[in-house]
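Subject: Structure handover

Hello,

Here is the structure for you to look over. My notes follow it.

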Amino acid sequence: MPRNTAPQKRLLTAVFAPLGDAGKASRVEERIVQGISAGALADGDRLPTEMELAASMGVATVTAREALAGLRSRGLVETRRGREGGTFITLPSGDRSVLVRRRLTGMSRVELRDLAIHYAAIAATAAELAADAADREDVEALAQLLDAPEGSSNRAVGDFLLELAALSQSARLTREYVRLHTEYGSLLGLAHADPGFNSAMVGLCRQICEAVAGADASAARSLVRQYVQASVAWLIDEHTRLHSSAALTTAEKPPAPARRKA
């Protein structure tokens, strides 16, 4: 089973919670992707067996098997045979940042902004619905996610926003948010590795939590949009830096030696 540290216990419970009678392989797959995106499932973590996964999430064993096959095709898990075998999370090189920076470099600014607009629309709507639906216990759980221990504080905001989306009580909206979180949320990990940015955004999330506690849907929506605006500004600056660094490296390469004439 994956690691189960205190601040991520609630998120892990949500990842493997029952899906109900309508559970499908794609939903099981995306639920596990949610755990990977949020950092609750890390490189090398072992997933439950097919039977355990099916029992935990309330789906047929064949559904769990199809979901794991989908994750394998995406390079997110690998299955090993033998006594110490099982299905394990696999992140290339074990380092998310290298892959994420490579992906960010390959994106255009227009593509990055468009992705952020889509993410903001879904995340802000989820926050608005959560403010209408969340109770005191939900708010307390949200606040606790922001009190991450040293070493995992840069995942606190991701955990917070994932749980906020779940509190919207819209399965369709939550699935769409999770899908976007795997796409845009991985980029956000770069920004949250910056202590200054991370600290400021944790503070902003505390304001979101207060808005949800006060059932202020409009404020919750506005604050989430502020978060996305700040994050995309950081990512665009990093995008520029990465491209400038690549251009400088290319410029500093010595010219190829001239060929001698025969």
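Below are notes on the nonpolar cores and the cysteines.

First, a caution: this is a predicted model.

The cores. The largest nonpolar core holds 55 residues. Within this core, the residues with the most contacts are Leu-112, Tyr-119, Phe-160, Leu-164, Tyr-184, Leu-187 and Val-212. Two or more residues each come from helix 5 (96–106), helix 6 (109–133), helix 7 (136–145), helix 8 (156–166), helix 9 (171–192), helix 10 (195–213) and helix 11 (217–252). Helix 6 gives the largest share, 12 residues. There is also a second, separate core of 20 residues. Its members include Ile-36, Leu-41, Ile-89 and Leu-91.

Phe-160 is worth a look on screen. Setting aside neighbours within four places in sequence, Phe-160 is in contact with Leu-142, Leu-145, Leu-146, Cys-205, Ile-208 and Cys-209. Two cysteines are in that list, Cys-205 and Cys-209.

The cysteines. How many disulfides are there? The count is 0. The cut-off for a disulfide is 2.5 Å between the sulfur atoms.

Best wishes

Technical notes: Residues are numbered from 1 along each chain as its sequence is written. This is a predicted model: local features need pLDDT of at least 70, side-chain atom pairs count only at pLDDT 80 or more; totals for chains, interfaces and linings use all residues. Side-chain values use heavy atoms; hydrogens and water are left out. A nonpolar core is a set of buried Ala, Val, Leu, Ile, Met, Phe, Trp, Tyr and Cys residues joined through side-chain atoms within 4.5 Å. Buried means under 20% relative accessible area, exposed over 50%, partly exposed in between (1.4 Å probe, protein chains only). Helices (H or I, at least four residues) and strands (E, at least two) are DSSP runs, numbered from the N terminus. Contact means heavy atoms within 4.5 Å.
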